[in-house]
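Reader: I have a structure open on my screen and would like to go through it with you. Could you take me through the sheets, helices and cores?

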Amino acid sequence: MTKTNYSLVGDIGGTNARFALVRSGAITPEAVEVLACSDYDNLDSAIVDYLHRTGVEEVQDVCLAVASPVRGTQVRMTNNHWRFDSEEVRSQFGWSAFKVINDFTAMALGVPHVAAEKLIHVCGGPGSACRPRLVIGPGTGLGVSGLVPLQNGWVPLMTEGGHVDFAPTDDTEMAVLRILKARFGRVSVERILCGQGLLNLYQAHAEIQDVAAPLDAPEKITAAALDHSDALARLTLRHFCEILGRVAGNGVLTLGGTGGVYLCGGILPRFIDFFLESPFQKGFEDKGRMRPLLESTPVFVVMEGYTGLLGAAEALNNPEV
């Protein structure tokens with residue numbers, strides 16, 4: 001294998017780094033490996049190990065999606081110890097080009113390349129193929145991006161939409177806002193719509209009902225909701241889904257995203273059957289005079305685990321990124 005045969009792509013989070021090779025001009029990732037960031041001092045040692053594992057001595061160019069803000073050449077990972085300068089790394093390995101993009105930008109760019117069988121239709125349709133798409137997903141935080149169509153591709157929008165204000169719609173949500181405001185000051189939707197946010201919401205509901213909140217981790221809340229062992233957990237998870245629907249609907253109205261909503265990230269696939277029966281659709285469509293617009297907008301859950309790698313491969317040849 002020579003460096004003209006392959007490019008290197010990666011999707012690097014706080015815990016794991018996913019690497020893959022893509023052939024020149026292609027999108028499909030090959031030789032995917034998931035490496036624990038804690039096993040490596042920094043990015044360069046992880047890349048050396050990955051290339052050794054695959055038997056590829058060198059690559060032509062590289063695109064990495066990272067879970068951190070991207071400004072200039074200095075990258076400081078938000079939730080792990082890796083720090084690097086992209087130009088120094090490019091020079092060290094002799095790559096012709098090295099792009100570093102935000103992980104949710106990569107997620108958005110990957111969405112058009114996800115196979116149809118990896119998309120689960122939630123509600124709405126048929127939408128308009130020539131209109132923008134909203135890409136949103138709860139995970140460690142709440143990622144929000146968009147895709148604006150061009151004649152031969154897409155421009156991804158780099159947003160901080162997860163940090164818009166939480167807007168309560170009834171007395172219960174006013175109480176949730178009051179409780180979270182006392183803890184955090186300003187309350188963004190990310191304070192609710194992420195892993196830690198699910199725990200925040202659970203604890204707020206416990207305070208509202210004046211009952212104990214014995215569960216202390218989001219995965220425990222999800223498990224208890226699914227096996228019906230904790231009524232408060234089930235109520236909380238249903239409310240989580242409804243608020244996500246409302247926020248996604250707001251995003252469609254703001255972006256004009258009638259091309260479709262794509263729900264990404266690792267959380268929703270873990271309880272997909274529960275989600276499909278949840279009040280998500282109710283929250284999504286409840287927009288008064290704008291209800292018909294939301295009812296015509298398709299919503300999908302993205303079940304592809306390597307969407308970020310697809311997006312990094314797309315970014316290699318996308319001049320808009």
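**Strands, helices and cores**

Author: Leu 21 has Glu 30 as its bridge partner in β3. The model is a predicted one, in which local features need pLDDT of at least 70 and side-chain atom pairs count only at pLDDT 80 or more, while totals for chains, interfaces and linings use all residues. Residues are numbered from 1 along each chain as its sequence is written, and side-chain values use heavy atoms, with hydrogens and water left out.

Reader: Which strand pairs with β3, and over how many bridges?

Author: Strand β2 (residues 16-23) pairs with β3 over 5 bridges, in the antiparallel sense. Strands here are DSSP runs of E of at least two residues, helices are runs of H or I of at least four, and both are numbered from the N terminus. Two strands count as paired if DSSP finds at least two bridges between them.

Reader: What is the strand order in the open sheet of 5 strands?

Author: The order is β3-β2-β1-β4-β7, and the pairing is mixed. At the edges are β3 (30-36) and β7 (97-102), each of which pairs on one side only. On average, neighbouring strands of this sheet are turned by 15° against each other, direction ignored. Axes for such values are lines fitted to C-alpha atoms, for helices over the stretch in contact, and angles run from 0 to 180 degrees between N-to-C directions.

Reader: And the open sheet of 6 strands, what is its order?

Author: That sheet runs β8-β13-β12-β9-β10-β11, again an open sheet with mixed pairing. β8 (119-123) and β11 (153-158) stand at the edges with a single partner strand each, so one side of each has no neighbour in the sheet.

Reader: What does β8 pair with?

Author: β8 pairs with strand β13 (residues 299-302) in the antiparallel sense, over 4 bridges. Within β13, Val 299 stands opposite Cys 123.

Reader: How are β9 and β10 joined?

Author: A hairpin of 3 residues joins β9 to β10. The two strands run antiparallel and share 6 bridges, and Val 135 has Ser 145 in β10 as its bridge partner. A further hairpin, through 2 residues, joins β10 to β11. β10 and β11 are also antiparallel, with 6 bridges, and Val 148 is partnered by Val 155 in β11.

Reader: Which helix lies across β9, β10 and β11?

Author: Helix α3 (residues 103-110) lies across β9 (133-138), β10 (142-150) and β11, at about 45° to β10.

Reader: At what angle do α3 and helix α11 pack?

Author: α3 and helix α11 (residues 307-316) pack at about 85°, with their axes 6 Å apart. The two helices are therefore roughly perpendicular, a label for angles of 65 to 115 degrees, whereas under 35 is roughly parallel, over 145 roughly antiparallel and the rest oblique. The residues in contact, meaning heavy atoms within 4.5 Å, include Met 107 and Leu 109 of α3 and Leu 310 and Glu 314 of α11.

Reader: Changing topic: which residues touch the most other members of the largest nonpolar core?

Author: They are Ile 136, Leu 193, Val 261, Leu 263, Phe 275, Phe 280 and Phe 284, in a core of 47 residues. Such a core is a set of buried Ala, Val, Leu, Ile, Met, Phe, Trp, Tyr and Cys residues joined through side-chain atoms within 4.5 Å. Buried means under 20% relative accessible area, exposed over 50% and partly exposed in between, with a 1.4 Å probe and protein chains only. Helix α7 (residues 231-255) gives the most to this core, 10 residues.

Reader: What does Leu 193 touch?

Author: Not counting residues up to four places away in sequence, Leu 193 touches Pro 138, Gly 141, Leu 142, Phe 240, Ile 243, Leu 244 and Val 247. Another core, of 28 residues, lies apart from the largest one, and among its members are Ile 47 and Val 100.

Reader: Where is Pro 126?

Author: Pro 126 lies in the loop between β8 and β9. The peptide bond joining Gly 125 and Pro 126 is cis, with omega about 0°.

Reader: Last one: is Asp 210 buried or exposed?

Author: Asp 210 is exposed, at 71% relative accessible area. Asp 210 sits in the loop between α5 (195-209) and α6 (218-226), and its phi is near 55°, a positive value in a residue other than glycine.
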